[in-house]
Amino acid sequence: MKYALIRDDQIAEYRDYAAAPESKRINGLPMLRPVVDLPQPAYDPDLHRLEATVTIYDDRVEHGWTEVALDLAEVKRLKLTEIELAAAMAIEPIASVYSQAERETWPIQEAEAVAWTANNLAPTPMLTALATARGETIADVVANVLTKAAAFKALAGATFGKRKAKIDLVNSAATAADVNAITW
């Protein structure tokens, strides 16, 4: 069992003992007092956080918890983080399939595909290299690039539009309850 060594009404150190030790007494109080770890209480993490407490009693030391209300700024910060994560997760199924290096070429691929669609004599060095490496025609690669670009733009537009709308709601919320009512 864990015991706290008390000196000058402060915890000097913690010690583990298999059995209750004999303890010196100062002013009639034991110097070694058993430590009682209280369980975490149920609480609403959207509105509160728990802070650990240590209370020294005459016969024991309790490790407990105090529920502290979050201020509005902290509730908003947590909600904004939640919104950013939700937006990233919405894009993740498409974005995670491709490496960062490949995603960085998307604007080039799309620009070449649009140029080729307008004039099939337009230079398309990247798409030509892709078509050659894949054994496809430039027309097939252009169609594939434009289809995927349109799908990604639709998803990104809807996701980031929703993200911005949720951020605006958070920023205009007057109470923690208003903030916590906002869902993705």
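I began with helix 5. I found that its buried residues pack against helix 1 (72–95), helix 3 (106–118), helix 4 (125–134) and helix 6 (176–180). I noted that this is a predicted model.

Which residues of helix 5 are buried? I listed Val141, Val142, Val145, Ala149, Ala156, Thr159, Lys166, Ile167 and Val170. I reminded myself of a rule: an α-helix has 3.6 residues a turn, so residues three or four places apart point the same way.

Next I checked the length of helix 5, which runs over residues 138–172.

Then I turned to the strands. I looked up strand 1 (residues 2–7) and strand 5 (residues 32–37). They pair in the antiparallel sense over 3 bridges. Alanine 4 stands opposite arginine 33 of strand 5.

In which sense does strand 5 pair with strand 7 (residues 61–69)? I found the parallel sense, over 3 bridges. I picked out two pairs here. Valine 35 has valine 61 of strand 7 as its bridge partner. Aspartate 37 stands opposite histidine 63, also in strand 7.

Last, I followed strand 7 to strand 6 (residues 48–56). How many bridges join these two? I counted 9, and the pairing is antiparallel. Leucine 50 has glutamate 67 of strand 7 as its bridge partner. Strand 6 and strand 7 form a hairpin, with 4 residues between them.

Notes: Residues numbered from 1 in each chain as written. Predicted model: local features only at pLDDT ≥ 70, side-chain atom pairs only at ≥ 80, totals over all residues. Heavy atoms only, no water. Pairing = 2+ DSSP bridges. Expected span 1.5 Å × (residues − 1). Buried < 20%, exposed > 50% of the residue type's maximum accessible area, 1.4 Å probe, protein only. Contact = heavy atoms within 4.5 Å.
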